[in-house]
Amino acid sequence: MLDINFIREHQEQVEQAILNKGEKDTSIVERLLEADEKWRTKVHEGDQLRAESNTKAKEIGKLMGQGKKEEAQAIIKETSEMKEKIKELEEEVRELSEERENLLLKIPNVPHSSVPVGFTEEDNETFKTWGDIDEREWLKPHWELTEKHGWIDFKRGVKVAGAGFPFYVGPVAQLQRALINYFINEGVKAGYTELQAPYFVNEDSARGTGQIPDKEDMMYEIPRDEFFMIPTAEVPVTNFHRDEIFELTEVPKKYVAYTPCWRREAGSYGKDVRGLNRLHQFDKVELVKIVKPEDSYDELESLREHAEKLLETLQLPYRTLLMCTGDMGFTQSKKYDLEVWSPGQKRWLEVSSCSNFESFQARRMQLRYRKDEKEIEILHTLNGSGLALPRVVAAIIETYQEENGKVRVPEVLKPFFGRDYL
């Protein structure tokens with residue numbers, strides 16, 4: 001969430017950010033500031049009344065000692081009435097605090113000044129392209145090749161779980177495992193600490209990273225146990241240090257984690273859901289950084305470069321997009337998307353998002369560091385896919401296919417296979 005002081009001092013900027021992110025209701029800012037003003041007024045009234053009550057309570061003993069019982073009884077009655085009023089004020093403060101918090105959670109992050117203003121895919125800027133696009137006509141989409149070889153079983157996945165829950169069989173199961181190991185190994189080489197994270201999270205964790213109250217409809221829930229199944233490892237890994245204060249020497253923190261991920265993907269249809277393009281369960285290696293505020297944008301660029309390097313070592317052509325304000329998401333201040341070329345489908349497929357959230361997530365989680373002896377400051381959080389597997393698998397199968405239907409193994413993955421073909 002945003003700092004209430006920042007909102008108070010930059011109301012117009014926050015309202016414009018809401019519009020730039022594609023939201024229409026800017027009145028939420030005014031409602032928040034009104035609730036905040038009422039809350040501060042009631043807090044001040046309560047503090048004053050408590051101080052006055054404490055002062056009068058001290059007079060009671062003196063008056064009793066002087067034999068002035070009637071005067072003492074009058075003050076006792078007065079302080080009793082004050083205590084009732086204090087209780088009423090405390091309840092008003094609690095209600096206003098809850099209203100204030102709920103409104104704060106519904107205000108999106110403010111985009112960085114370098115982010116292009118726009119609302120559609122066409123408004124995103126191409127930041128970088130790499131590799132040569134293969135547009136040979138005979139190239140087949142991955143679903144034809146996997147069906148021919150029996151490498152992915154979508155029908156049995158539907159029978160066992162439902163649409164979007166495929167079985168990976170034989171060589172493609174091995175390809176998935178190889179990619180997970182390769183991505184984690186590269187993350188560790190780059191200075192990330194490997195984590196094995198829980199696959200379920202509680203409501204506080206989902207709120208901490210901004211999945212609620214923004215993306216509830218995208219997550220699978222387990223109501224009986226009050227769990228959410230994770231939509232990305234970002235959620236448990238970023239919450240790993242929730243409510244902690246680091247010493248200056250303890251940051252930055254950098255983590256790499258593999259997890260399966262679950263997303264409802266409501267409203268997806270057509271070519272977007274064919275084959276491995278969009279699944280309800282998929283595997284992903286996630287990179288998370290927790291850094292000092294002044295370092296976060298340099299750390300975003302190094303995060304992007306790491307994800308790009310993975311695609312380059314796999315020899316998969318890609319492009320990097322700087323996402324516009326309306327195509328960026330509720331929580332991000334700046335985001336890059338990496339899209340790999342799918343030669344069998346002749347289209348781009350997103351395989352990574354690298355995002356800087358500034359203090360937006362960390363403030364929700366009270367994730368802080370001791371800047372000096374007197375000052376404690378909110379940290380910045382970042383994350384990126386390094387990488388998401390289904391579309392990488394699809395791109396490898398399509399890019400490395402031969403006209404006879406065989407599929408070669410990328411050079412960097414051969415140590416995990418011990419052979420040249422799937």
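The structure is a predicted model, in which local features need pLDDT of at least 70 and side-chain atom pairs count only at pLDDT 80 or more, while totals for chains, interfaces and linings use all residues. Residues are numbered from 1 along each chain as its sequence is written, and side-chain values use heavy atoms, with hydrogens and water left out.

**T26**
- T26 is found in the loop between α2 (11-20) and α3 (27-65), where helices are DSSP runs of H or I with at least four residues, numbered from the N terminus.
- Because its relative accessibility is 22%, T26 counts as partly exposed, a class that falls between buried (under 20% relative accessible area) and exposed (over 50%), as computed with a 1.4 Å probe on protein chains only.
- Apart from neighbours within four places in sequence, T26 is in contact with E15, I18 and L19, contact being defined as heavy atoms within 4.5 Å.
- The C-alpha atoms of T26 and V273 are separated by 34 Å, and the two residues are 247 residues apart along the chain.

**H142**
- H142 lies in helix α5, which spans residues 142-149, and with a relative accessibility of 0% H142 counts as buried.
- Not counting residues up to four places away in sequence, H142 touches R274, G275, L276, N277, Q345, A394, I397 and E398.

**Cysteines**
- The count of disulfides comes to zero, a disulfide being a pair of cysteine sulfur atoms within 2.5 Å.
- For C261, the closest cysteine sulfur is that of C354, which at 15 Å is too far for a bond; C354 is likewise in no disulfide, since its nearest cysteine sulfur is that of C261.
- C261 counts as buried, with 0% relative accessibility, and C354 also counts as buried at 0%.

**Second largest pocket**
- The second largest pocket has a volume of about 250 Å³, the volume being the space filled by probe spheres set on grid points that are joined across faces, edges and corners.
- A pocket is an open set of points, on a 1 Å grid over the protein atoms alone, where a 1.4 Å probe fits, with protein on both sides within 12 Å along at least five of seven lines, and its lining residues have an atom within 4 Å of a point.
- Of the 17 residues that line this pocket, M1, E101, R363, R364 and M365 are the closest to its centre.
- Two or more lining residues come from each of α4 (69-105), α8 (203-208) and α11 (360-365), and α4 gives the largest share, four residues.
- The lining divides into six nonpolar, two polar and nine charged residues, where Ala, Val, Leu, Ile, Met, Phe, Trp, Tyr, Cys and Pro count as nonpolar, Asp, Glu, Lys and Arg as charged, and the others, Gly among them, as polar.
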